[in-house]
Amino acid sequence: MDMQHGTDDGPTLRVVLIGGAAGIAATHLQALAQIPALQVVGMSDINAEGVKARAAETGCPSFVDHRDMLRELHPDIAVIVTPHPFHAPLAIDAFAAGAHVLVEKPIAVEVADADRMIEAADAAGKILAVNFQQRFRSVIERARALIDEGAIGPLVRTLCIEPWFRPAAYYRSASWRGTWKGEGGGVLMNQAPHTMDLLCHLAGLPGKVWGWTRTAAHAIEVEDSAQAMFEYPNGAPGYLCTTTVEAGAEGRLEVIGDRGGIVVSGSQLTITRFEPALREHMAASEQMFSSPKVHTEIVDLPGDGGGHLAVYRDLYAAIIEGRQPRANGREGLMSLELANAVTLSSYTDRPVTLPLDRAAYSELLSDLRAGNR
């Protein structure tokens, strides 16, 4: 086992699931079952019959009210897999009950809610982790290591293209899908959070965002297509395109720097190195059309796609070792802040600077939920 993901040996920690009847809960339970030190002791859901059946399969009690479960069981960890508009109040209740929290992506619907979650975790002295399992993909770990080693150098440009095609039947499958009240957004809140998290994980947050969201093809309230341009703190540009109306293309994530660049596409990592660095060559070359030497290496780093098991091993180790997990609350906030910024920029038709104006976004979201925009 990769030791940076943690170890399964050590004291037993008691885990509860909030939202146990949700489809994604099964994936979490499969991962938890592989770590003997994490014991599932209960689960709750407002869907009483659904959670009762799943709890019976797991061999633990079920609850309709999560507060009753927290009060009765005193868990070490609460895993929240409900729809994201409920993440903030549920997490705050769990922290008040003395539990660490792992919450499904996105961390919340709006940055103000995520701020409250982070503050509650800090006040309780507990960990807030976000289930961004793709950070554990081998290709992403290698890319991040190259950046940390300085192989890329100062940022020159980013590019993120990620199509997530969905037919109309997908949005018809549940009444909350594709609505402002049920999801708080469309592709930016449901399909793209993992992709935007990887962009933020590798390149950080930009300082300014120009966003353009549209409902291009689906009969839904929220966006099915989002584009954005970024300006990073050092002046470098970035570009994002994500949509549920395009098929046939594989996602692509590029981070280009002064010394080299990385391109991630599936399990393939393309590593480019410039000799000498771009700015050094610009200043020193006496040839008007010359370029630095470009060395390219392509490596394939297959894996499980960044599974939930790695997330739980990392969380367990973080709790035992008294450190932060790979995707803690503040890390998990970045992709949400970026998504909110793209939406706010689109609806105001102007660039948005980060940190995001919390009040302005809360007002916009309230208007959208009320049907006033």
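Predicted model: local features only at pLDDT ≥ 70, side-chain atom pairs only at ≥ 80, totals over all residues.
The largest pocket has a volume of about 940 Å³. Its lining comprises 36 residues, and those closest to the pocket centre are Ala-22, Val-81, Thr-82, Pro-83 and Trp-176. Helices α3 (66-73) and α4 (87-96) each contribute at least two residues to this lining. By class, the lining of the largest pocket consists of 14 nonpolar, 15 polar and seven charged residues.

The second largest pocket has a volume of about 230 Å³. It is lined by 18 residues, with Gln-134, Arg-137, Glu-162, Thr-195 and Leu-198 nearest its centre. Two or more lining residues come from each of β7 (155-163), α8 (193-203), β11 (252-257) and β12 (260-265). Of these elements, β7 gives the most, with four residues. The lining of the second largest pocket includes eight nonpolar, six polar and four charged residues.

Two cavities of 30 Å³ or more were found in a search of the whole structure. The largest cavity holds about 50 Å³ of space. Its lining is formed by Ala-129, Val-130, Phe-132, Phe-136, Val-311, Asp-314, Leu-315, Pro-325, Arg-326 and Ala-327. Both β6 (128-130) and α10 (308-321) give two or more residues to this lining, and α10 provides the largest share, with three. Eight of the lining residues are nonpolar and two are charged, while none is polar.

The second largest cavity has a volume of about 30 Å³. Around it lie Trp-180, Gly-184, Gly-185, Gly-186, Leu-188, Met-189, Glu-223, Ala-339, Asn-340, Thr-343 and Tyr-361. Helix α11 (residues 329-348) supplies three residues, the largest share of this lining. Five residues of the lining are nonpolar, five are polar and one is charged.

The structure contains 15 salt bridges. One of them joins the side chains of Arg-71 and Asp-68, at 2.4 Å from N to O. These two residues are separated by about one helical turn, because they are three residues apart in helix α3. Arg-71 is exposed, with a relative accessible area of 54%, whereas Asp-68 is partly exposed at 33%.

A salt bridge is also formed between Asp-113 and Arg-116, whose closest N and O atoms are 3.1 Å apart. Both residues belong to helix α5 (residues 111-124), where a spacing of three residues places them about one turn apart. Asp-113 has a relative accessibility of 17% and therefore counts as buried, the limit being under 20%. Arg-116, with a relative accessible area of 40%, is partly exposed.

A further salt bridge brings together the side chains of Glu-337 and Arg-358 (2.8 Å, N to O). This pair links distant parts of the chain, since Glu-337 lies in helix α11 and Arg-358 in helix α12 (residues 358-369), 21 residues apart. With a relative accessibility of 6%, Glu-337 counts as buried. Glu-337 and Arg-358 are also part of a salt-bridge network that includes Asp-115.

Trp-210 is located in strand β8 (residues 208-214). Its relative accessibility is 30%, so Trp-210 counts as partly exposed.

Notes: Residues numbered from 1 in each chain as written. Heavy atoms only, no water. Buried < 20%, exposed > 50% of the residue type's maximum accessible area, 1.4 Å probe, protein only. 1 Å grid on protein atoms, 1.4 Å probe; cavity = no way out; pocket = protein on both sides within 12 Å on 5 of 7 lines; lining within 4 Å. Points joined across faces, edges and corners; volume = space filled by probe spheres on them. Nonpolar A, V, L, I, M, F, W, Y, C, P; charged D, E, K, R; others polar. Salt bridge = Lys/Arg side-chain N within 4 Å of Asp/Glu carboxyl O.
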